[in-house]
Number of protein chains: 2
Amino acid sequence: MKVTVAIDCMGGDHGPAVTVPAAVAFLRHHPGARVILVGRSEALEPLLSGPAQEVADRLEIRAATEVVGMDEAPATAMRNKKDSSMRVAIDLVKEGRAEAAVSAGNTGALMAISRFVLKTLPGIDRPAIASAIPTRKGHCYFLDLGANVDCSAEHLLQFGVMGAMLAASIDHVERPRVGLLNIGEEAIKGNDTVKRAAELLRASGLNFHGNVEGDDIYKGTTDVVVCDGFVGNVALKTSEGLAQMLSSFLREEFGRNLLTKLLAVIALPVLKRFKSRVDHRRYNGAALVGLRGVVVKSHGSADAFAFEQAIYRAAEAASNRLVERITERMAAMDEVTT
Amino acid sequence: MKVTVAIDCMGGDHGPAVTVPAAVAFLRHHPGARVILVGRSEALEPLLSGPAQEVADRLEIRAATEVVGMDEAPATAMRNKKDSSMRVAIDLVKEGRAEAAVSAGNTGALMAISRFVLKTLPGIDRPAIASAIPTRKGHCYFLDLGANVDCSAEHLLQFGVMGAMLAASIDHVERPRVGLLNIGEEAIKGNDTVKRAAELLRASGLNFHGNVEGDDIYKGTTDVVVCDGFVGNVALKTSEGLAQMLSSFLREEFGRNLLTKLLAVIALPVLKRFKSRVDHRRYNGAALVGLRGVVVKSHGSADAFAFEQAIYRAAEAASNRLVERITERMAAMDEVTT
């Protein structure tokens with residue numbers, strides 16, 4: 001893919017130690033791509049020996065002197081840190097020097113800065129955070145994951161458009177099925193906002209499946225599941241908590257005594273394949289959608305493998321015209337309703 | 001325990017074939033308890049030969065000619081089916097002939113009939129649905145699970161009281177820790193309702209832990225987790241969906257070929273122990289709390305083992321004075337605030 005990704009190398013729990021090797025691995029796996037590493041030169045340069053030499057011609061450093069703290073208030077980060085690695089990475093997208101930006105930094109600051117620098121697309125009131133999550137049938141795009149805690153029916157409709165365009169651009173799904181997360185499949189279920197959102201989605205021209213319930217997410221009933229940011233954040237974190245509990249129970253049972261430990265060794269290939277099927281690192285990289293540019297947020301604790309997936313997602317979205325697709329779709333919907 | 005439980009024998013996917021054997025097993029395991037089987041005599045009597053003979057002196061049949069359908073509108077069931085097994089079971093609680101009622105029938109109808117017949121407790125605006133769910137440290141009580149899709153801060157406070165009294169009465173926890181489900185631990189997170197609920201909970205005299213996130217549920221951070229019914233329902237069903245997906249993936253990996261199938265047989269004792277730790281049947285039985293009587297809802301698809309757990313939970317709550325405890329606590333809180 002012919003795309004340039006700007007990487008905030010200083011963000012996340014591990015900073016350049018993870019982001020730089022991930023960027024190098026990404027370049028080695030994608031011969032047409034380029035990256036701009038943004039951050040403190042003295043932190044980045046020592047990491048560019050060894051395997052990085054092979055891809056040096058597609059790799060560039062852009063110095064940025066400041067770093068946004070993981071706990072820093074978004075407003076402060078936005079106002080006071082104009083030369084932060086996060087800000088400079090997004091500025092590069094704005095200036096057209098990169099097609100996408102990736103950061104493992106502070107989510108609130110990334111959203112605030114992205115929104116301030118890039119602005120939202122026509123017809124989009126608020127950007128949303130969307131992530132692919134594994135399902136029985138593959139994966140689905142789930143949004144909003146926490147950017148918007150109070151959503152109107154119109155916002156949910158816009159999330160539907162953004163989610164559908166994500167599935168269309170990254171997975172090349174022709175007419176992605178969009179589900180509205182509710183507490184029952186029947187149209188009479190849920191609160192007033194959700195009921196009205198269902199009406200709007202039904203009239204939108206999207207491939208609207210109707211209401212889905214929490215268990216439909218993992219059944220893979222639809223390609224996209226839409227909900228407000230409070231509900232989405234709770235559903236995602238609840239899932240993380242449950243997966244961690246189950247995996248720790250499984251470890252405990254196999255670690256109980258010498259015999260069970262032996263069984264674990266024997267069953268290792270099976271357990272490993274199971275684990276890799278639901279490896280959350282493979283799904284790392286949540287898109288900040290609805291902006292005039294592609295911005296992807298990596299998990300703060302991502303390792304190099306996980307961070308590389310986030311870079312890949314950003315590159316895929318940009319090279320498959322995510323932003324343009326959302327713009328076109330919103331314009332088409334606007335024509336229908338006006 | 002000295003308690004009489006009224007059982008709606010006709011409800012659920014399997015009706016008397018499950019509910020009657022479950023009631024008999026419950027009586028055999030709890031020598032002081034009594035049950036009243038409510039339903040069509042011709043459906044119940046044939047099931048009372050064999051092991052039921054041993055407990056015949058603590059078992060009584062109360063005929064009811066009608067059955068509430070699983071898809072019947074709650075209002076219709078309430079108005080038109082005065083001799084349904086569900087209605088008669090709840091009437092028995094109202095009349096003081098039973099201390100608790102259990103049903104695997106239509107949730108909406110059970111809530112509507114319970115509310116109409118039993119009424120809510122003083123100071124409680126709306127009953128909630130609460131269930132114990134497994135955590136790393138044991139289990140926690142999670143509510144509301146779908147009875148209330150639009151909750152005020154006051155409702156969330158009342159859920160906190162009800163959840164704490166559930167933990168106190170069933171698990172004998174002295175000062176149960178109550179968590180408020182939110183999208184961040186910081187007090188500034190979340191929507192206005194949740195922020196105000198946190199203030200009310202902090203001033204309530206309950207052992208309020210503060211905000212918890214989705215993953216805290218399974219970490220067992222608190223004994224009680226409170227949220228509105230939309231969020232709770234989504235979180236619970238999302239968990240069910242994820243658990244089902246993971247278990248089907250595990251089955252698929254062990255079923256892949258002859259070798260992996262052999263491994264599954266060898267690892268069976270470990271896998272079985274793992275499965276039993278998270279066996280949702282053990283957690284069957286959601287309490288309809290906030291009513292002037294104990295009502296427990298079993299999963300519609302419960303088998304006899306699962307349904308027996310629901311009967312047990314109802315008996316435990318009644319014999320440990322759940323209703324009285326909530327009443328006392330609400331009165332004490334009322335004194336503080338007025």
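Entry 1. I am working from a predicted model, in which local features need pLDDT of at least 70 and side-chain atom pairs count only at pLDDT 80 or more, while totals for chains, interfaces and linings use all residues. Residues are numbered from 1 along each chain as its sequence is written, and chains are lettered from A and ligands numbered from 1 in the order in which they are written. The complex carries an ipTM of 0.89 and a pTM of 0.91 from the predictor.

Entry 2. I looked up α4(A), residues 85–94, and α5(A), residues 107–118, whose axes come within 10 Å and cross at roughly 30°; helices here are DSSP runs of H or I with at least four residues, numbered from the N terminus, and axes are lines fitted to C-alpha atoms over the stretch in contact, with angles from 0 to 180 degrees between N-to-C directions.

Entry 3. I then turned to Gly241(B), which is found in helix α9 (residues 229–254) of chain B. Is Gly241(B) buried or exposed? Gly241(B) is buried because 23 other C-beta atoms lie within 10 Å, the cut-offs being 20 or more for buried, 12 or fewer for exposed and partly exposed in between, with C-beta atoms placed from the backbone. Leaving out residues up to four places away in sequence, I found that Gly241(B) touches Gly214(A), Asp215(A), Asp216(A), Ile217(A), Tyr218(A) and Lys219(A), contact being C-beta atoms within 7 Å. The C-alpha atoms of Gly241(B) and Arg196(B) are separated by 32 Å, at 45 residues apart along the chain.

Conventions: Helices (H or I, at least four residues) and strands (E, at least two) are DSSP runs, numbered from the N terminus. Two residues are in contact if their C-beta atoms, placed from the backbone, lie within 7 Å.
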